[in-house]
Amino acid sequence: MYKVLIVDDEQLIRSGMIARFQYLNFTFERIREAASGMEALALLEKEPADIVITDIKMPDMDGMTLIREAKEKYPGTQFVVLSGYAEFEYAETAIELGVKSYLLKPISNDELKRVMRKLFETLEKERQMEAEIFRKHQLETEQKGWLQEKAVNHLLQDNAAFLTEEEAAQLKSTCPELWKKEKGSLYLVVINIDAKSYEGKKFRHEDIELIRFSVQNVFEEMRSGCWKLIVSNLANPNQLYAMFGRGKVSELHREIERMFLRIQKCLSADNIKLHMASLLIKVRTDQPYKVLQSISSAECRRMEFLIK
């Protein structure tokens, strides 16, 4: 379903166009009208349209000027020019503006059907292309996230030697804080999803991925003055690792408490219960990731055990 804007200074033309759409069984999400180019721009500002059908000669702003200004702001909008035979000298300008559809007055039903079907095909192809680009971007994002997750888990579980070049490069790209050559503090936090989260009516044990996603989503959307990162514990589906840095210990500690309480509050309506244990890491080397490598898996296991 598409949104249409009809622009003409004659009410009869606008009403006639809408009546023809109804007669030809064209259905749209919404049809709006504008009596001038200025009014059309104001309407587009409030809500863009997929298709704009505009007359050329209008009092305050001609159709060509409307198209020129609107295309800069709304490049995905398709434009149709309503033109009389005496106005066809504007065709060259319309072509330069990328207009591919014309309706010559008086408009025949066959010509209107042909033009509109062509527009529908163009818009559908564009939507399919956008969907494909979004799908590819989403896959790339998921792949990067997976590589980052594996790399962090390797670092925290004494498996740094098994980091592939791709995982190491991804970790360096997405976690530049771990490669900064300055001393400071990092907090490693283990977040545990309480077994009571599955006792309600909303979630069961098979919903663990959805619960982890909810925790990560709230964490990532929260603004923070410090650097932060969260990944799943690949060895334990009920746990996540979070890291906080660079700042004073007191500031990091307050930030961890603030964020944890906020996450608890956001998820309490879904009966998701969380526990947390944190470990302060003093960074005394040039690169914090070397410190993470030195944290024994036994230390991580001890933290994980304490909050179960």
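**Close-up views of a predicted model**

**View 1. Ala 242, a buried residue of strand 8.** Ala 242 has a relative accessibility of 0% and so counts as buried. This value, like those below, comes from a predicted model. The residue sits in strand 8. Its contacts beyond four places in sequence are Tyr 187, Leu 188, Val 189, Ile 191, Phe 219, Leu 229 and Ile 230. For one of these, Ile 230, the C-alpha atom is 4.2 Å from that of Ala 242. Along the chain, Ala 242 and Ile 230 are 12 residues apart.

**View 2. The largest cavity and its lining.** Ala 242 returns here as one of the lining residues of the largest cavity. A search of the whole structure gives 2 cavities of 30 Å³ or more. The largest has a volume of about 50 Å³. Besides Ala 242, its lining consists of Val 189, Ile 191, Phe 219, Phe 244, Ile 256, Met 259, Phe 260, Ile 263 and Met 276. Which classes of residue make up this lining? It has 10 nonpolar residues, no polar residues and no charged residues.

**View 3. Elements around the largest cavity.** Three elements each give at least two residues to the lining: strand 6 (184-193), strand 8 (239-245) and helix 8 (249-268). Helix 8 provides the largest share, with 4 residues. Val 189 and Ile 191, which line the cavity, are also contacts of Ala 242. Phe 219 is likewise both a lining residue and a contact of Ala 242.

**View 4. Packing of helix 1 against helix 5.** Two packed helices are described by the angle between their axes and by the distance between those axes. Helix 1 covers residues 11-23, and helix 5 covers residues 109-156. Their packing angle is about 80 degrees, and the axes lie 11 Å apart. Angles of 65 to 115 degrees count as roughly perpendicular. Helix 1 and helix 5 are therefore roughly perpendicular to each other. On the helix 1 side, the contact is made by Met 17, Arg 20, Phe 21 and Tyr 23. Helix 5 contributes Asn 109, Leu 112 and Met 116. By class, this contact has 5 nonpolar, 1 polar and 1 charged residues.

**View 5. Two backbone features in loops.** Most residues other than glycine have a negative phi, and most peptide bonds are trans. Asn 25 is not a glycine, yet its phi is positive, at about 65 degrees. The loop that holds Asn 25 runs between helix 1 and strand 2 (30-34). Is Asn 25 buried or exposed? Asn 25 is exposed, because its relative accessible area is 64%, and the cut-off for exposed is over 50%. Pro 106 lies in the loop between strand 5 (101-104) and helix 5.

**View 6. Pro 75, an exposed loop residue.** Pro 75 is found in the loop between helix 3 (63-73) and strand 4 (78-83). Its relative accessible area is 61%, so Pro 75 is exposed. Pro 75 and Asp 50 are 25 residues apart in sequence. In space, their C-alpha atoms are 9.9 Å apart.

**View 7. The whole chain, for context.** The protein chain has 10 helices and 9 strands. Of its 308 residues, 45% are buried. Among contacts between residues at least 6 apart in sequence, 69% join residues at least 24 apart.

Methods
Residues are numbered from 1 along each chain as its sequence is written. This is a predicted model: local features need pLDDT of at least 70, side-chain atom pairs count only at pLDDT 80 or more; totals for chains, interfaces and linings use all residues. Side-chain values use heavy atoms; hydrogens and water are left out. On a 1 Å grid over the protein atoms alone, a cavity is a set of points where a 1.4 Å probe fits but cannot get out, and a pocket is an open set with protein on both sides within 12 Å along at least five of seven lines; lining residues have an atom within 4 Å of a point. Grid points are joined across faces, edges and corners, and a volume is the space filled by probe spheres set on the points. Ala, Val, Leu, Ile, Met, Phe, Trp, Tyr, Cys and Pro count as nonpolar, Asp, Glu, Lys and Arg as charged, and the others, Gly among them, as polar. Axes are lines fitted to C-alpha atoms, for helices over the stretch in contact, and angles run from 0 to 180 degrees between N-to-C directions. Angles under 35 degrees count as roughly parallel, over 145 as roughly antiparallel, 65 to 115 as roughly perpendicular and the rest as oblique. Contact means heavy atoms within 4.5 Å. Buried means under 20% relative accessible area, exposed over 50%, partly exposed in between (1.4 Å probe, protein chains only).
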